[in-house]
Amino acid sequence: MSAVFINPQLYVQKNDKFTTGIIYMPIILAYLVSHFKKYKIPLRVIDLYGLNPKKHKLENNTLIFGEEISNLNNSYFENAEVFFVYANQVANHLSIINIIKFLKERFPNIPLVILENSQAVTAYSLNEIKNEFLQIGVDYIVIGDLENSALELFKNINNKDYLKKINGIISQDFRNQKINFVENLNSLSFPAWDEFPLDNYWDLGYSHGPLSSKKYLPILSSRGCPYPCNFCVVPNTNDRKWRSREPQNIVDEIQYWKEKFNVTEFHFEDLNPTVNDKRTKQLCNLLIQKNLKITWKIVAGTKVESIKNDETVELLSKSGCKYISISPESGSSEVMKEIQKPFNYNHALKTVKKMNKEKIFCQACFVIGYPGEEKNDLAKTKKMIFDLTRRGIDEIAVFIITPIPGSKIYKKFKGFENLSELTFTPNWRKDYKKLKLERLKMYSIFLFSKTLFHPLKILNQIFNFFRKKFDTKMEMVPYKVLRLKSFENEKKFKY
């Protein structure tokens with residue numbers, strides 16, 4: 001008898017392949033699979049997206065990439081004792097629902113468990129929408145850190161009295177919503193990437209972070225985030241708790257994957273990896289001492305103030321860090337107060353200038369459309385984009401606020417028909433056209449400023465696009481869009 005783990009398909013808005021359909025390798029699921037392997041539990045991984053990432057179908061102006069679960073032969077489900085379905089991103093919600101319905105119809109007597117992804121701003125709180133899952137037959141929902149809760153659930157699947165006592169497990173009969181944190185992250189085995197179709201991910205030639213090598217792997221050096229941002233789901237799913245791995249443990253993992261798979265590029269997907277400046281410097285010094293000849297990138301964002309000084313930037317560069325994403329969010333202090341996120345403008349300008357000098361490529365992420373945002377707030381954001389670009393910011397990303405289930409602003413919005421519409425291109429919003437225009441203006445200001453102050457960088461980005469080795473996401477995303485279109489054209493040609 002075995003545990004079967006399922007990763008859903010990928011949903012991409014046909015009218016916006018630039019912003020939607022970001023590739024996130026399922027690192028939290030890989031950690032959980034590794035934890036089960038540690039205890040010698042027979043298992044199988046079904047990565048529906050990874051099995052066939054070029055296969056797709058069009059449904060309601062949405063491109064759905066990956067294998068259909070209904071097309072899999074019976075061998076995938078043989079001896080299944082429990083099905084675990086990974087709710088990786090809110091945009092893929094409809095795929096998750098379809099998987100649940102298929103499994104409950106085909107295997108009504110096998111327990112079905114939904115797993116939360118608590119380590120991504122694009123994921124969602126399953127506690128917030130638990131009733132939708134329970135009403136369609138889900139037996140259990142696991143929230144927070146999955147390793148211990150899911151393992152105990154599997155071992156005691158028929159003992160409801162025992163399961164009631166386990167934090168982070170929700171069912172029709174009981175709802176223990178207290179998060180079960182793994183306090184010692186060093187105790188966890190490295191993610192079980194050998195159970196996933198890595199070659200299919202690598203063959204795409206693009207990823208979440210800018211990809212400059214043929215192979216890459218994500219790293220999670222910490223979990224959680226201490227900040228209370230109102231538009232973000234993470235304060236809900238992590239209770240504002242930040243935990244970190246020891247630098248030696250991180251370096252050991254990097255060395256392990258380099259030796260096992262010859263991977264030399266690592267994308268740090270932490271919510272906020274540089275919270276502890278002392279740890280950041282220790283990690284950099286260890287990487288320098290080891291001389292592993294790898295590159296690493298902070299691709300999911302970090303708080304720029306936690307990059308304390310020039311010494312930290314110099315160490316990051318020397319240790320092989322080639323890319324850092326920061327999140328100013330808004331140039332308006334009034335909006336930032338509403339968001340409840342502090343931001344040190346002058347420190348950001350100084351740090352970006354230093355990163356530019358140290359040849360670390362840097363992204364700045366902004367959000368627009370926050371409730372109560374006014375025209376003058378948008379003007380302040382445009383000014384910040386100009387100022388940061390002048391100091392050397394290499395790219396920006398502008399996201400339109402969308403209400404993620406579990407965020408404090410979730411219930412302030414209406415108009416969407418299903419959760420898969422909750423992307424950062426929310427065309428269901430009444431003010432979407434206006435916000436889309438503002439977003440285009442911001443990108444225009446960035447490109448004008450970059451051309452004016454850093455023309456050689458513009459030329460280098462064009463060169464990188466053609467050689468398919470990307471220093472920034474802005475170079476890589478057009479390549480991704482062309483690849484997606486080529487997948488569409490291949491299907492048209494076949495039929």
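Predicted model: local features only at pLDDT ≥ 70, side-chain atom pairs only at ≥ 80, totals over all residues.

Q: At what angle do helix α11 and helix α13 pack, and how far apart are their axes?

A: Helix α11 (residues 310–318) and helix α13 (residues 345–357) pack at an angle of about 35 degrees, and their axes are 10 Å apart. The crossing of these two helices, α11 and α13, is right-handed.

Q: How are α14 and α15 oriented to each other?

A: The angle is the place to start. Helix α14 (residues 375–391) packs with helix α15 (residues 432–453) at an angle of about 25 degrees, and the axes lie 9 Å apart. Angles under 35 degrees count as roughly parallel, and α14 and α15 are therefore roughly parallel to each other. In handedness, α14 passes α15 in a right-handed crossing.

Q: Which residues in α14 and α15 meet?

A: From α14 come Leu-378, Thr-381, Lys-382, Ile-385, Phe-386, Thr-389 and Arg-390; they meet Glu-438, Lys-441, Met-442, Ile-445, Phe-446, Ser-449, Lys-450 and Phe-453 in α15. The contact of α14 with α15 divides into seven nonpolar, three polar and five charged residues.

Q: How are α9 and α10 oriented to each other?

A: Helix α9 (residues 247–261) and α10 pack at about 40 degrees, with axes 9 Å apart. The two helices, α9 and α10, are therefore oblique to each other. Here too the handedness can be given: α9 passes α10 in a right-handed crossing. On the α9 side, Pro-247, Gln-248, Ile-250, Val-251, Ile-254 and Gln-255 take part, meeting Arg-279, Gln-282, Leu-283, Leu-286, Leu-287 and Lys-290 in α10. The classes in this contact of α9 with α10 are seven nonpolar, three polar and two charged.

Q: Which residues line the second largest cavity?

A: Ser-221, Phe-268, Pro-273, Thr-274, Arg-279, Thr-280, Leu-283, Trp-296 and Ile-298 line the second largest cavity. The elements that give two or more residues to this lining are α10 (277–290) and β15 (295–302), and α10 gives the most, with three residues. The space in the second largest cavity is about 60 Å³. By class, its lining has five nonpolar, three polar and one charged residues.

Q: How much space lies in the second largest pocket, and which residues lie nearest its centre?

A: The second largest pocket contains about 330 Å³ of space. Its lining consists of 17 residues, and Asn-60, Thr-62, Asn-418, Ser-420 and Glu-421 lie nearest the centre. Strand β2 (residues 10–13) provides the largest share of this lining, three residues. The classes in the lining of the second largest pocket are five nonpolar, 10 polar and two charged.

Technical notes
Residues numbered from 1 in each chain as written. Heavy atoms only, no water. Axes fitted to C-alpha atoms, helices over the stretch in contact; angles between N-to-C directions. Helix = DSSP H or I, 4+ residues; strand = E, 2+ residues; numbered from the N terminus. Parallel < 35°, antiparallel > 145°, perpendicular 65-115°, else oblique. Left-handed = near helix turned anticlockwise from the far one by under 90°. Contact = heavy atoms within 4.5 Å. Nonpolar A, V, L, I, M, F, W, Y, C, P; charged D, E, K, R; others polar. 1 Å grid on protein atoms, 1.4 Å probe; cavity = no way out; pocket = protein on both sides within 12 Å on 5 of 7 lines; lining within 4 Å. Points joined across faces, edges and corners; volume = space filled by probe spheres on them.
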